[in-house]
Amino acid sequence: MKLKIVEYPDKKLRQKSVEVKNFDAKLHKLLDAMYPIMMNTNGIGLAAIQVAQPVRALILNIPDEDGEQPRENLLEIINPVMVQQAGETVYQEGCLSVPQFYEDIKRHETITINYQDRDGNTHTLDADGLLAIAIQHEMDHLEGILFIDKLSYARRKKFEKEYKRLQKERKNS
Ligand code: Y12
Ligand code: CO
């Protein structure tokens, strides 16, 4: 399965992803193909829509206290639903679909989600810290929302200008 990361401002990122109904080999192939893409680009989270697959699936591999991301820590989250949230936290976020840009974003501090794994089994997960932030970031992708949508008007305008300049630089390098 040959997949490529879709980058802003590609309109594909604005699609609302659809519920996964079949927990079959096709889904497993997609999840298996997403993992090396995320790891080879130093990512910690990736939603299927970021590789142009508009289904409600995401993967996360949060670095441990040594900064390692062993495959055993990989979380595959299908059809997530947030059932509880509390508090507020700010973290400097980045996104593989918006390269070279990082910005402080406000999120819930703790969350609880219900989700399914690759075999369709249902789970409940209480998350805080970076995991809670990353889940919220990736769940936004399922709705076609990017972290840059949460910037103030002035900051967004500055971002658009900087991003265009960076894109030109990357094209010419
Ligand atoms: C906290 C905040 C946001 C998330 C969502 C997941 N985001 C990422 O995994 C971002 C990864 C990222 C990796 C980069 O490195 C490479 O592409 C090699 C990167 O660097 C450049 O664009 C140059 C930017 C973002 C989880 C937790
Ligand atoms: Co992202």
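A: The buried residues of H3 pack against strand E5 (98-107), where contact means heavy atoms within 4.5 Å. Those buried residues are Phe159, Tyr163 and Leu166; buried means under 20% relative accessible area, exposed over 50% and partly exposed in between, with a 1.4 Å probe and protein chains only. Seen down the axis of H3, they fall within an arc of 70 degrees, so they line one face of the helix. The arc is that of the directions from the helix axis to the C-beta atoms. An α-helix has 3.6 residues a turn, so residues three or four places apart point the same way. On the other side of H3, the exposed residues are Tyr153, Ala154, Lys161, Lys164, Lys168, Lys171 and Asn172.

The model is predicted: local features need pLDDT of at least 70 and side-chain atom pairs count only at pLDDT 80 or more, while totals for chains, interfaces and linings use all residues. Residues are numbered from 1 along each chain as its sequence is written, chains are lettered from A and ligands numbered from 1 in the order in which they are written, and side-chain values use heavy atoms, with hydrogens and water left out.

H3 covers residues 153-172, and its 20 residues reach 29 Å from first C-alpha to last, close to the 28 Å expected at 1.5 Å a residue. The expected span is 1.5 Å times one less than the number of residues. Helices (H or I, at least four residues) and strands (E, at least two) are DSSP runs, numbered from the N terminus.

Helix H2 (residues 129-142) has 14 residues that should span 20 Å at 1.5 Å a residue, and its end C-alpha atoms are 21 Å apart, which agrees. H2 is mostly covered, with eleven of its 14 residues buried; among them are Ala132, Ile133, His137, Met139 and Leu142. Just after H2, Gly144 takes a positive phi of about 80 degrees.

Arg56 is found in the loop between strand E1 (45-47) and strand E2 (57-60), and at 14% relative accessibility it counts as buried. Not counting residues up to four places away in sequence, Arg56 touches residues including Glu19, Asn79, Leu142 and Glu143.

Asn79 lies in strand E3 (residues 75-86). Although not a glycine, Asn79 has a positive phi of about 50 degrees, and it counts as buried at 11% relative accessibility.

As for the whole, the protein has three helices and seven strands, which run α-β-β-β-β-β-β-β-α-α from the N terminus on. Its radius of gyration is 16 Å, close to the 16 Å that the globule rule gives for 173 residues, so it is as compact as a globular protein of that length. That radius is taken over C-alpha atoms, and the rule is 2.2 Å times the number of residues to the power 0.38. Buried residues make up 43% of the 173 residues.
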